[in-house]
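Here is a short briefing to read alongside the model. Take a moment to look it over, then work through the points below.

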Amino acid sequence: MSSSTGSRATTGRIASAVILGIIAVAFLVVGVIFCLEPSGSLPTWLGHSTVWVRNKELPSPGYHPLRAVGSLIAGVVFAIGAWFTLRYRPEPATPEATTARVPEHQ
């Protein structure tokens with residue numbers, strides 16, 4: 001019996017779940033920042049850009065709500081992926097399925 005068929009999560013699955021969880025938290029934090037901060041006060045690493053209108057620098061009006069919703073959805077998807085990674089239990093192999101079947105010769 002191998003250790004992967006037991007009810008405990010393996011080290012690889014725990015590592016995958018932790019990585020997916022960290023990515024989920026990062027996307028959720030970015031999505032909340034997009035929702036709470038006005039478009040003009042976002043940092044440039046979050047995609048904030050400005051446009052020049054009549055010699056005034058104004059925040060770019062595009063894609064702010066779309067990026068917020070996209071980040072929140074991606075965060076939820078990664079969180080669900082982390083949860084499924086930990087909750088998945090492979091069915092234990094039965095002895096009949098693991099033995100090699102030898103065809104009968106006549």
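What follows covers the overall layout, the helix packing, the aromatic pairs and the nonpolar patch.

This is a predicted model, in which local features need pLDDT of at least 70 and side-chain atom pairs count only at pLDDT 80 or more, while totals for chains, interfaces and linings use all residues. Residues are numbered from 1 along each chain as its sequence is written, and side-chain values use heavy atoms, with hydrogens and water left out.

**Overall layout**

- The protein chain has three helices and two strands, where helices (H or I, at least four residues) and strands (E, at least two) are DSSP runs numbered from the N terminus.
- Along the sequence, these elements follow the pattern α-β-β-α-α.
- Of the 106 residues in the protein chain, 16% are buried; buried means under 20% relative accessible area, exposed over 50%, and partly exposed in between, with a 1.4 Å probe and protein chains only.
- Among contacts with a separation of 6 or more, 62% join residues 24 or more positions apart, a contact being heavy atoms within 4.5 Å.
- The protein chain exposes about 8,400 Å², and carbon and sulfur atoms supply 66% of that area; accessible areas come from the Shrake-Rupley method with a 1.4 Å probe, and for residues only the protein chains shown count as cover.

- Helix 1 has 26 residues and reaches 37 Å from its first C-alpha to its last, close to the 38 Å expected at 1.5 Å a residue; the expected span is 1.5 Å times one less than the number of residues.
- In helix 1, the buried residues are Arg13, Ala17, Ala24, Val30, Gly31 and Phe34, and the buried residues of this helix pack against helix 2.
- Gly31 lies in helix 1 (residues 11-36) and counts as buried because its relative accessible area is 0%.
- Leaving aside neighbours within four places in sequence, Gly31 is in contact with Ala68, Ser71 and Leu72.
- Not counting residues up to four places away in sequence, Ser71 touches Phe27, Leu28, Val30, Gly31 and Phe34.

**Aromatic pairs**

- The whole structure holds two aromatic pairs; rings of Phe, Tyr and Trp (its six-membered ring) pair if their centres lie within 6.5 Å, with planes under 30 degrees apart counted as stacked, over 60 as edge-to-face and the rest as tilted.
- Phe27 and Phe78 are stacked because their ring centres are 5.7 Å apart and their planes meet at 5°.
- This pair links distant parts of the chain, with Phe27 in helix 1 and Phe78 in helix 2, 51 residues apart.
- Both partners are partly exposed, Phe27 at 33% relative accessible area and Phe78 at 28%.
- Trp83 and Phe84 have ring centres 4.9 Å apart and planes at 65°, so this pair is edge-to-face.

**Nonpolar patch**

- Leu28, Val76, Ile80, Trp83 and Phe84 make a nonpolar surface patch of about 480 Å².
- Such a patch is made of residues with over 30% relative accessible area and no salt bridge, with nonpolar side chains (Val, Leu, Ile, Met, Phe, Trp, Tyr) joined within 5 Å and like charges within 9 Å; a salt bridge is a side-chain nitrogen of Lys or Arg within 4 Å of a carboxyl oxygen of Asp or Glu.
- Helix 2 (residues 64-87) gives the most to the nonpolar patch, with four residues.
- Val76 is found in helix 2 and is partly exposed at 43% relative accessibility.
- Phe84 is also partly exposed, at 49%.
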